[in-house]
Amino acid sequence: MIVLSLDTSGVDCSACVYDSASDTVLGEICETIGKGHAERLMAVIDGALHQAHLPLQKVERIAVTIGPGSFTGIRVGVAAARGFALSLGIEAVGVTTLETLALHHLLENPGRPVAVGLDAKRGETYLQIFAVDGSPLGEAVLLSLDDAKSVLSGFGGAIIGSAAPLFAGSEAGSRPDHFPIATVARVGARKPAGQKKPAPLYLRGPDARPQTGFALARQDVA
C-alpha cells in the first residue's frame, strides 16, 4: 500500500510517500518552520511525490498527525488529508504524535514499554503509556506534572518526550519533539481499514475565547 503521511502538528512541516509492502520510504520532505504550515504544505507534498516519482493518484491511504500539538497546525494537516482522501476516493487515518513517538522509540529500543510525555507548558503534560508492541495501555491525557509523576511512580519502562526532564526534576522541558515523518506513515499503514475520518485531538481548550461580556442586545427596527 502506498501511504502519503503529513505532519503539521508542531514546528515541522513534513510529508512522506511510503510503500508498506516493502517497508520503503519512496520520498520525504521535512522543513522545520515553526509557523506557516498552510503556506508550505502543498509544496512539501509535491516535493515528496517528486522524490518518489509517483503522481498523487497512486496514493492509496493518507495518514496525518492529529495532535496533541499546535491548534492551527493540526487543523491545516487534517483539512488537507480529508480533502485529498475525498478527491482520490481513498481512506484518511489520524495518527497521534504520542503513538508516533512511541513507535519510533520502540523500533530502536524494543522490549520495554514506553511512556510518552509532551511538555504542555503551564505545569502540565500530555501523557500516554504504550506496551512493548506499541499498543496503548490507556487514553492520552492532560495532567499536571505532579499527577503525571504519580502515574509514572514505579513505572518500569522508558520515559521519553519533551516532558521527560520535567518528570526528573528539571525546571524546563527539552526542545520541541521531533519524529521522522516516515514513522507517521508506518503507524498509519498499520491501522485497520474502516477508521473514522481524522479529527484534531485537542486535550486542552483553546487559549482564545469569544468575549461574551460585551455583546450588544439586538434591537428590532420598526
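How many salt bridges does a search of the whole structure find? The search finds five, a salt bridge being a side-chain nitrogen of Lys or Arg within 4 Å of a carboxyl oxygen of Asp or Glu.

The model is predicted, so local features need pLDDT of at least 70 and side-chain atom pairs pLDDT 80 or more, while totals for chains, interfaces and linings use all residues. Residues are numbered from 1 along each chain as its sequence is written, and side-chain values use heavy atoms, without hydrogens and water.

**Exercise 1.** Determine which parts of the chain the salt bridge between D23 and R186 ties together.

*Solution.*
Step 1. The closest N and O atoms of D23 and R186 are 2.8 Å apart.
Step 2. D23 lies in the loop between β2 (12–19) and β3 (24–32), and R186 in helix α6 (residues 181–190), so the pair ties together parts 163 residues apart in sequence.
Step 3. D23 is partly exposed, with a relative accessible area of 43%; buried means under 20%, exposed over 50% and partly exposed in between (1.4 Å probe, protein chains only).
Step 4. R186, at 21%, also counts as partly exposed.

**Exercise 2.** Locate the salt bridge between E91 and R61.

*Solution.*
Step 1. The N to O distance is 2.9 Å.
Step 2. E91 belongs to strand β5 (residues 91–95) and R61 to strand β4 (residues 61–65), so parts 30 residues apart in sequence are tied together.
Step 3. R61 counts as buried, at 5% relative accessibility.

**Exercise 3.** State whether K191 and E99 are buried or exposed.

*Solution.*
Step 1. K191 and E99 form a salt bridge, with closest N and O atoms 3.4 Å apart.
Step 2. Both K191 and E99 are buried.

Note on methods:
Helix = DSSP H or I, 4+ residues; strand = E, 2+ residues; numbered from the N terminus.
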